[in-house]
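Subject: Structure handover

Hello,

Here is the structure I said I would pass on. Please open it beside this message and follow along.

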Amino acid sequence: MSGVGQNNASLATHNTLKLRSQASTLVELNKHEQLDAIFEHARDFKLPVVPLGEGSNVVLGEHIEALVLIVNTQGITLLDTPDNAVYVDVAAGENWHDFVVHCVKQGWHGLENLALIPGKVGAAPIQNIGAYGVEIAPLIARIYLTPLPGSELDKDPNIQRVLQHTDDGNLFIAGGDCQFAYRDSIFKNALRDKVLITSVRFKLGTRFEPVVTYPALRDYLSRQANVSQLDQANLSANDVMNAVVSIRRTKLPDPVELPNAGSFFKNVVLDDEQFDVFIKRHPHAPYYSQPLAGIDQSIQYKIPAAWLIEQRGFKGRYDGNLGMHNQQALVMVNRAAGDTQGDAVIAFAERIKQTVEESFGVRLEIEPRRYSC
Ligand SMILES: Cc1cc2nc3c(=O)[nH]c(=O)nc-3n(C[C@H](O)[C@H](O)[C@H](O)COP(=O)(O)OP(=O)(O)OC[C@H]3O[C@@H](n4cnc5c(N)ncnc54)[C@H](O)[C@@H]3O)c2cc1C
């Protein structure tokens with residue numbers, strides 16, 4: 001023990017792929033007040049700080065030369081309630097799904113379609129989590145943050161332009177300045193490795209307006225109601241949330257039973273010109289051009305990565321202990337919890353990427369963040 005956290009600590013239970021990994025120092029953050037001492041320790045030992053929530057979107061190498069900070073801070077605070085809306089501040093360490101369930105119970109609407117996504121609230125804005133036709137981007141009012149040691153935010157005028165201060169000196173960035181896009185945000189770009197998200201302020205609706213544009217969700221709800229045409233006026237937030245939970249449970253492997261990091265690759269996004277070339281060569285490929293219900297304007301055509309992977313025969317195929325799930329070609333699973341290394345994950349992923357690129361002329365992009373591998 002170093003006084004602050006634990007040295008050479010295993011991260012095997014802190015990542016849902018259950019990779020064998022060790023951090024130079026591991027610290028659990030339960031209260032904001034611990035941060036000064038933690039950051040001082042990181043500076044003294046010249047260690048970068050790597051925040052982690054539940055580790056459901058990372059690939060960890062065998063040794064992470066860093067102070068890994070497990071964010072456990074708790075708290076949900078209801079603020080203003082203007083007409084038809086509520087503002088809610090949520091600590092970064094709150095479990096995402098529990099927060100969604102809490103919102104549905106309170107009658108705060110907008111997050112139902114995002115139920116059962118693993119992880120914590122603080123990580124949700126990083127990749128603008130999305131599912132079943134909804135992204136969190138338009139529901140985020142602001143994000144509170146603290147600079148990580150060595151981030152030198154004041155030296156970058158582009159960052160300075162978007163950072164704001166509250167009267168009591170807290171730093172935040174408005175939702176509209178987060179450059180949200182498909183699985184992307186400013187936190188993966190200009191602010192990458194520079195800030196700790198401490199809480200998120202959501203603006204949620206008090207009038208329920210179901211989003212049932214996603215075919216699998218609409219079909220499920222129609223089947224449940226035993227109708228061919230879904231009457232949206234009769235749907236409750238609970239109905240939609242429960243439907244999403246049921247669909248996810250049947251479609252996705254539970255990381256507790258079969259370690260995984262959800263979708264391993266992003267869907268391929270093509271502009272008009274690229275799409276023309278692609279579809280001429282592969283006229284039977286599925287695609288969709290509809291942007292998600294978010295603020296992302298840039299998407300033109302998305303080719304499902306799962307289809308590309310399946311076409312090349314990787315669905316259900318294993319390489320040692322790693323394989324692409326037999327029902328979800330996009331999900332890489334690890335059969336040897338605590339034994340497999342991040343390098344093996346990346347090597348397998350690179351083989352899939354290369355095969356897909358040779359066959360289809362498009363590049364897959366790995367979704368989880370890699371550390372030291
Ligand atoms: C079975 C499964 C299904 C999934 N389904 C979906 C889905 O439908 N849609 C979707 O979008 N994603 C999905 N994911 C991916 C994942 O759940 C989300 O990206 C989630 O938001 C990650 O949360 P986490 O707490 O586990 O983050 P981690 O994996 O712990 O961290 C991810 C990144 O965020 C950074 N980070 C974490 N917390 C903070 C913080 N407080 N401040 C600054 N940086 C931070 C980390 O440093 C890291 O770079 C799925 C994953 C799994 C395993």
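Two remarks on reading the notes. Residue numbers start from 1 in each chain and follow the sequence as it is written. The model is predicted, so local features need pLDDT of at least 70 and side-chain atom pairs count only at pLDDT 80 or more, while totals for chains, interfaces and linings use all residues.

Domains

The domain assignment of the protein lists domain 1 (6–71), domain 2 (76–205) and domain 3 (260–371). Such bounds come from an automatic or database domain assignment. Between the C-alpha centres of domain 2 and domain 3 the distance is 27 Å.

The ligand

Around the ligand there are 32 residues, and the closest are Gly53, Gly119, Gly122, Ala123 and Gly262. A residue is counted here if its C-beta atom, placed from the backbone, lies within 6 Å of the molecule. Two or more residues of this shell come from each of strand S3 (49–52), strand S8 (130–131), strand S13 (195–205) and strand S14 (260–263). Helices (H or I, at least four residues) and strands (E, at least two) are DSSP runs, numbered from the N terminus. Sorted by class, the shell has 18 nonpolar, 11 polar and 3 charged residues. In this sorting Ala, Val, Leu, Ile, Met, Phe, Trp, Tyr, Cys and Pro are nonpolar, Asp, Glu, Lys and Arg are charged, and the others, Gly among them, are polar.

Strands around S13

Two strands pair if DSSP finds at least two bridges between them. Strand S7 (residues 85–91) runs antiparallel to S13 and is joined to it by 7 bridges; Val86 has Leu204 of S13 as its bridge partner. Strand S10 (residues 140–147) is also antiparallel to S13, again over 7 bridges, and here Ile140 is opposite Phe202.

The sheet with S14

What is the order of the strands in the open sheet of 4 strands? The order is S14-S19-S18-S17, and the pairing is antiparallel. S14 and strand S17 (318–319) are at the edges with a single partner strand each, so one side of each has no neighbour in the sheet.

S14 and S19 share 2 bridges. Asn260 has Val333 of S19 as its bridge partner, and Ser263 is opposite Val331 in S19. On the S18 side, strand S18 (residues 322–324) pairs with S19 over 3 bridges, with Met324 opposite Met332. S18 and S19 form a hairpin, with 6 residues between them.

Are the residues of strand S19 (residues 331–334) buried or exposed? Val331 and Val333 on one side are buried, and so are Met332 and Asn334 on the other, which leaves both faces covered. Buried means that 20 or more other C-beta atoms lie within 10 Å of the residue's own; exposed means 12 or fewer, and partly exposed is in between, with C-beta atoms placed from the backbone.

In helix H2 (residues 96–106) the buried residues are Trp96, Phe99, Val100, Cys103 and Val104. They lie on the same side of H2 because they cover an arc of only 140° around the axis. The arc is taken from the directions from the helix axis to the C-beta atoms. The face turned away carries the exposed residues Asp98 and Lys105. The buried residues of H2 pack against strand S6 (76–78), S7, S13 and H5; contact means C-beta atoms, placed from the backbone, within 7 Å. After H2 comes Gly107, with a positive phi near 80°.

Helix H4 (residues 215–225) has Leu217, Tyr220 and Leu221 buried. Their arc is only 95° around the axis, which puts them on the same side of H4. Pro215 and Arg223 are exposed on the other side. Helix H5 (237–251) is included in what covers the buried residues of H4. Just after H4, Asn226 has a positive phi of about 60°.

A loop residue

Arg363 is in the loop between helix H8 (342–360) and strand S20 (369–371). Arg363 counts as exposed because it has 11 C-beta neighbours inside 10 Å. Leaving out residues up to four places away in sequence, Arg363 touches Lys353 and Glu357. Arg363 and Val269 are 94 residues apart in sequence, and 9.7 Å apart in space, C-alpha to C-alpha.

Regards

Notes
Two residues are in contact if their C-beta atoms, placed from the backbone, lie within 7 Å.
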